[in-house]
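This report describes selected secondary-structure elements and their packing. The sequence and structure are shown first.

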Amino acid sequence: MTEDTTHKKKGWFSRLKDGLKRSSTALSGGIGDIFVKRKLDGATLEELEDLLIMSDLGVAVSRAVCETLSKNRFDKEIAPEEVQAALAREIAEILRPAAIPLNIEAGHKPYIILMVGVNGSGKTTTIGKLAKKFQNEGKSVMLGAGDTFRAAAIEQLQVWGDRNKVPVVSGKVGSDAAGLAYDAIQRARAENIDVLMIDTAGRLQNKSHLMAELSKIIRVIKKQDAAAPHSTLLVLDATTGQNAVLQAKVFQEAANVSGLIMTKLDGTAKGGVLVSIAEKFDLPIHAIGVGESIDDLQSFDADDFSKMLVGLET
Ligand SMILES: Nc1nc2c(ncn2[C@@H]2O[C@H](COP(=O)(O)OP(=O)(O)O)[C@@H](O)[C@H]2O)c(=O)[nH]1
Ligand SMILES: [Mg+2]
């Protein structure tokens, strides 16, 4: 590792730690409270299971870790650190198969990425961050302003386009998002672009409307390229806690999601929900957002994430 990347890693690492502090302090602090000079008896295990469930880990994971602990250490004195380590092991076990980087397969040109997720989850920002990443990999990038609902949304994508010096295809406010997707694909083809990212609106107030809009966009994209969208990325805001599970379900139904990016793990995050989502939906976790700036996107590491979540040093 070069000095530069070491420095960078420290930067986002410490920020991520800050972000998880709330849930992990509750978790590690809670574990400390439960286990101060205590034996691992039935009542203690029950208390621990409750704490884990409250940390958004999901019932299945919480039960599994308690069962493992009970098998190995029942009726023995146990230190909080041992509980944290066992918990981190269980969580990493679940997350490891899901830690799959986003792979832009050659052979699709443009490689079309559709970004979906509720308003405010971080879609547009994540597009901006990914644009830089793809350009660093030597790929040409174009953005499609498919959130045609608000002028501010189009302008915001334009700002990210300018920042990255990549073209943005946009239409009038209120125009048809599917039509915009069509135009963007045409232009990306004409300009021989490698990766086209299409932004969308995420109005969840009306589920059937959202579904209709997304499926129309997807239908139009498929008419251009039957294999597209090549990736449909669901962006989830970590601070929404358990609500993210519901969002994953709705968007899975509406848009056949192919992978996840969880944002705002630098904020007052409740990152534990990622564990229950990975458990419930068989979806790759491609990356995590750890800030609002262009470089604040990191690939997902199951072991580091698990340790930080339970308050262990990595
Ligand atoms: N702290 C933090 N803020 C983020 C992150 N990703 C996005 N945001 C902020 O969240 C807000 C909504 O993001 P935006 O990209 O507009 O969401 P969209 O409505 O899904 O397109 C903006 O203020 C972003 O700067 C992140 O990883 N960390
Ligand atoms: Mg947006």
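In which sense do β1 and strand β4 pair, and over how many bridges? β1 and β4 (residues 195–198) pair in the parallel sense, over four bridges.

## Basis of the description

This is a predicted model, in which local features need pLDDT of at least 70 and side-chain atom pairs count only at pLDDT 80 or more, while totals for chains, interfaces and linings use all residues. Residues are numbered from 1 along each chain as its sequence is written, and chains are lettered from A and ligands numbered from 1 in the order in which they are written.

Helices (H or I, at least four residues) and strands (E, at least two) are DSSP runs, numbered from the N terminus. Two strands count as paired if DSSP finds at least two bridges between them.

## The sheet

Eight strands form an open sheet with mixed pairing, in the order β3-β2-β4-β1-β5-β6-β7-β8. The edges are taken by β3 (168–169) and β8 (297–299); each has a single partner strand, so one side of each is left without a neighbour in the sheet. Ile 288 has Gln 298 of β8 as its bridge partner.

Helix α9 (residues 243–255) lies across β1 and β5, running at about 160° to β5.

## Packing of α2 and α3

Helix α2 (residues 42–54) and helix α3 (residues 59–73) pack at an angle of about 150°, with their axes 9 Å apart. Axes are lines fitted to C-alpha atoms, for helices over the stretch in contact, and angles run from 0 to 180 degrees between N-to-C directions. The two helices are therefore roughly antiparallel (over 145 degrees).

The contact (C-beta atoms, placed from the backbone, within 7 Å) involves residues including Leu 45, Leu 48 and Glu 49 of α2 and Val 59, Ser 62 and Arg 63 of α3.

Methods. Angles under 35 degrees count as roughly parallel, over 145 as roughly antiparallel, 65 to 115 as roughly perpendicular and the rest as oblique. Two residues are in contact if their C-beta atoms, placed from the backbone, lie within 7 Å.
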